[in-house]
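Hi there,

Here is the structure I promised to pass on.

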Amino acid sequence: MLEKELTQRINELSRKSKSEGLTEIEKKEQDKLRKEYVSRFRNSLKSHLDSIKIEKKQ
């Protein structure tokens, strides 16, 4: 699932949760998607931080 699709589905489930509630299957899907999103975010952040080089000023 692409990043945009992932966030769209998370948002859809969030809106539905607030308006009418979620089924157990939807709750599990929402939890799975949120975990996937957080995992991707962490990996992206780690990759970005790993690429940063600090140079000493002389």
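**What I found**

Glu-36 lies in helix α2 (helices here are DSSP runs of H or I with at least four residues, strands are E runs of at least two, and both are numbered from the N terminus). Before I go on, some housekeeping. This is a predicted model, so local features need pLDDT of at least 70 and side-chain atom pairs count only at pLDDT 80 or more, while totals for chains, interfaces and linings use all residues. Residues are numbered from 1 along each chain as its sequence is written, and side-chain values use heavy atoms, with hydrogens and water left out.

Back to Glu-36, then. Glu-36 counts as partly exposed because its relative accessible area is 35% (buried means under 20%, exposed means over 50%, and partly exposed is in between, with a 1.4 Å probe and protein chains only).

**Salt bridges**

How many salt bridges are there? The count comes to eight, where a salt bridge is a side-chain nitrogen of Lys or Arg within 4 Å of a carboxyl oxygen of Asp or Glu. Here are some to look up.

Start with Glu-3 and Arg-40, whose side chains meet at 3.6 Å, N to O. This pair links distant parts of the chain, with Glu-3 in helix α1 and Arg-40 in helix α2, 37 residues apart. Glu-3 is partly exposed because its relative accessible area is 38%, and Arg-40 is also partly exposed, at 24%.

Next come Lys-16 and Glu-26, with a salt bridge of 2.6 Å, N to O. Here too the pair links distant parts of the chain: Lys-16 sits in helix α1 and Glu-26 in helix α2, 10 residues apart. Lys-16 has 25% relative accessibility, so it counts as partly exposed.

Then there is Glu-24 with Lys-27, where the closest N and O atoms are 3.6 Å apart. Both lie in helix α2, three residues apart, which is about one turn of the helix. Glu-24 is exposed because its relative accessibility is 53%, whereas Lys-27 is partly exposed at 42%. Salt bridges that share partners also join Glu-3, Glu-36 and Arg-40 into one network.

**A closer look at Glu-26**

Is Glu-26 buried or exposed? Glu-26 is buried, because its relative accessible area is 14%. Its side chain also reaches the backbone nitrogen of Thr-23 at 2.9 Å. That is a polar contact, meaning a pair of N or O atoms within 3.5 Å; within protein, one must be able to donate a hydrogen and the other to accept it, and residues adjacent in sequence count only if both atoms are side-chain atoms. Setting aside residues up to four places away in sequence, Glu-26 touches Leu-13, Lys-16 and Gly-21, with contact meaning heavy atoms within 4.5 Å.

Which residues make up the largest nonpolar core? There are five: Leu-6, Ile-10, Leu-13, Leu-22 and Leu-33. Helix α1 (residues 3–19) gives the most to this core, with three residues. A nonpolar core is a set of buried Ala, Val, Leu, Ile, Met, Phe, Trp, Tyr and Cys residues joined through side-chain atoms within 4.5 Å. Apart from neighbours within four places in sequence, Leu-6 is in contact with Met-1, Leu-33, Glu-36, Tyr-37 and Arg-40.

Met-1 itself is found in the segment before α1, and it is exposed because its relative accessible area is 55%. Not counting residues up to four places away in sequence, Met-1 touches Leu-6, Leu-33 and Arg-40. From Met-1 to Leu-49 it is 25 Å, C-alpha to C-alpha, and 48 residues in sequence.

**On the surface**

Finally, find Tyr-37, Val-38, Phe-41, Leu-45, Leu-49, Ile-52 and Ile-54, which make a nonpolar surface patch of about 700 Å². Patches are made of residues with over 30% relative accessible area and no salt bridge; like charges are joined within 9 Å, and nonpolar side chains (Val, Leu, Ile, Met, Phe, Trp, Tyr) within 5 Å. Accessible areas come from the Shrake-Rupley method with a 1.4 Å probe, and for residues only the protein chains shown count as cover. Ile-54 is found in the segment after α2 (24–50), and Ile-54 counts as exposed because its relative accessibility is 81%.

Cheers
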